[in-house]
Structures are given as structure tokens and as C-alpha cells.
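Please work through each task before reading its solution.

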Amino acid sequence: MATPAPPRWDRKMQQRLARGEEAALGELYDRYASLVHNLAHRVLDDDEAADLITREVFGYIWENPDDYDPKHGSLRSWIAALTQSQAVHRLRQYASRGRSTPTEVEARVREANTAARADFIVTSMPAPLRDALELAYRERLDYRDAAEGLGVSADESRRRLRLGLQLLSTAMEPADAQQIRPLEARDAGDPFDPRGQTRRGRP
């Protein structure tokens, strides 16, 4: 899981992108490309389509770095929201061409939205709660064993797990966050390969 970078890193990255530093785009791609591809694949269940979304998202970021507002959250969260919006847009486009039924599409959209909210909640929650959840679910430890890994008492480990689960349960609730428009509605331009030619310039 690509966790959010420190706020100072996010701001500096935005400034470098705004100056047209292609090295900055490469660093951003290395850090978050797997996140973008995985989120897109979760929605579309197709490697080629996820590759296309990845190119579109990083192309949009390269052309529009000022669209990111650090006051509204981490750069990671913004990138994830762009990806989710564009992937859902593509999924509905495919459905309109008869590749899936409307019912199937909406079921996948709901599932993907829930997973995206859960991902956002986990990466945004305080590190002590996130660490407790990761030990419990990734390492399959109970709260007593997790306490040892966290270096806290069993009661504190149980408290952190309970709070983390309470936050995570809100992922099942309807999202109130502002909806992000698909990239096509923002004139994202041609698909982009961060390791090749860009529309701003040439490496």
C-alpha cells in the first residue's frame, strides 16, 4: 500500500510539477503508479484498460498540477479520487456499448466505491490505528499478539483495533465527498506515457 507522503513532500512535488520538472513526474509515477493501476483494475477488471487509465491519470496530473489543493487532503488521496472517477466513467462507457448490463455495472461501481472509501479511511487514520489494523488483518494476529508488535499493552491494542474498525465501518455508508468529474470532462488530452513523450515537452 502506498501511504500518503508528508504534506511538505506533497507541496514540493506540486511545485516541481508546476515548473515542468519531468524528473518529478517520474518520482510521482514510481510512487503511485501501482496504486492507480490497482484501483483502476478493481473497477474495470482488465489489465489493458487499467494501463490506459494509468496513462490518462498521470497525463492529467502533468498537465494540471495546480488542480491539486493541499488544503483538501493528501496528494495520494487526490490521485486515488481521479483514478476512481475515470475508471467508473470508462466502465459506464463500456456498458453503453453492451459489454455489461446496467445492473452489473452499478454493482461493480458500488463495490469499487466502498473499497475506495475503505482505502482512503485506512490511509487517513492516525498511524497507531492503521498499524494495529495492519497487524491484525495482514499478519492475522489477535489483539494480544498485535500488542507485542506494537509495543503497547493488550488493552491499548484492543482499543486501537476497536477504534480502527469503527472508522473502517463508515466505508459502507454513502459517501458525502464531492464527486470528481471524469478527466475527459476536463480536457485531459491524449493518453500519456510517463516514460516517453509528453505534451509539455520531450525528455
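**Exercise 1.** Determine how many helices and strands the protein has.

*Solution.* The model is predicted. Its secondary structure comprises eight helices and zero strands.

**Exercise 2.** State what share of the residues is buried, and describe the contacts and the surface.

*Solution.* Burial is taken as under 20% relative accessible area. By this criterion, 40% of the 203 residues count as buried. Among contacts with a separation of 6 or more, 69% join residues 24 or more positions apart. The accessible surface comes to about 11700 Å², and carbon and sulfur atoms hold 47% of that area.

**Exercise 3.** Locate the largest cavity and classify its lining.

*Solution.* A search of the whole structure finds one cavity of 30 Å³ or more. The volume of the largest cavity is about 30 Å³. Its lining consists of Met13, Gln14, Leu17, Ile61, Pro65, Tyr68, Leu75 and Trp78. Next, assign these to helices: α1 (7-18) and α4 (75-96) each supply at least two lining residues, and α1 gives the most, with three. Finally, by class, the lining has seven nonpolar residues, one polar residue and no charged residues.

**Exercise 4.** Which residues of helix α6 are buried, and against which helices do they pack?

*Solution.* Within α6 (residues 127-137), the buried positions are Leu129, Arg130, Ala132, Leu133, Leu135 and Ala136. An α-helix has 3.6 residues a turn, so residues three or four places apart point the same way. The buried residues of α6 pack against α5 (102-124), α7 (143-150) and α8 (154-169).

Terms used. Residues numbered from 1 in each chain as written. Predicted model: local features only at pLDDT ≥ 70, side-chain atom pairs only at ≥ 80, totals over all residues. Heavy atoms only, no water. 1 Å grid on protein atoms, 1.4 Å probe; cavity = no way out; pocket = protein on both sides within 12 Å on 5 of 7 lines; lining within 4 Å. Points joined across faces, edges and corners; volume = space filled by probe spheres on them. Helix = DSSP H or I, 4+ residues; strand = E, 2+ residues; numbered from the N terminus. Nonpolar A, V, L, I, M, F, W, Y, C, P; charged D, E, K, R; others polar. Buried < 20%, exposed > 50% of the residue type's maximum accessible area, 1.4 Å probe, protein only. Contact = heavy atoms within 4.5 Å. Areas by Shrake-Rupley, 256 points an atom, 1.4 Å probe, with all protein chains shown as cover.
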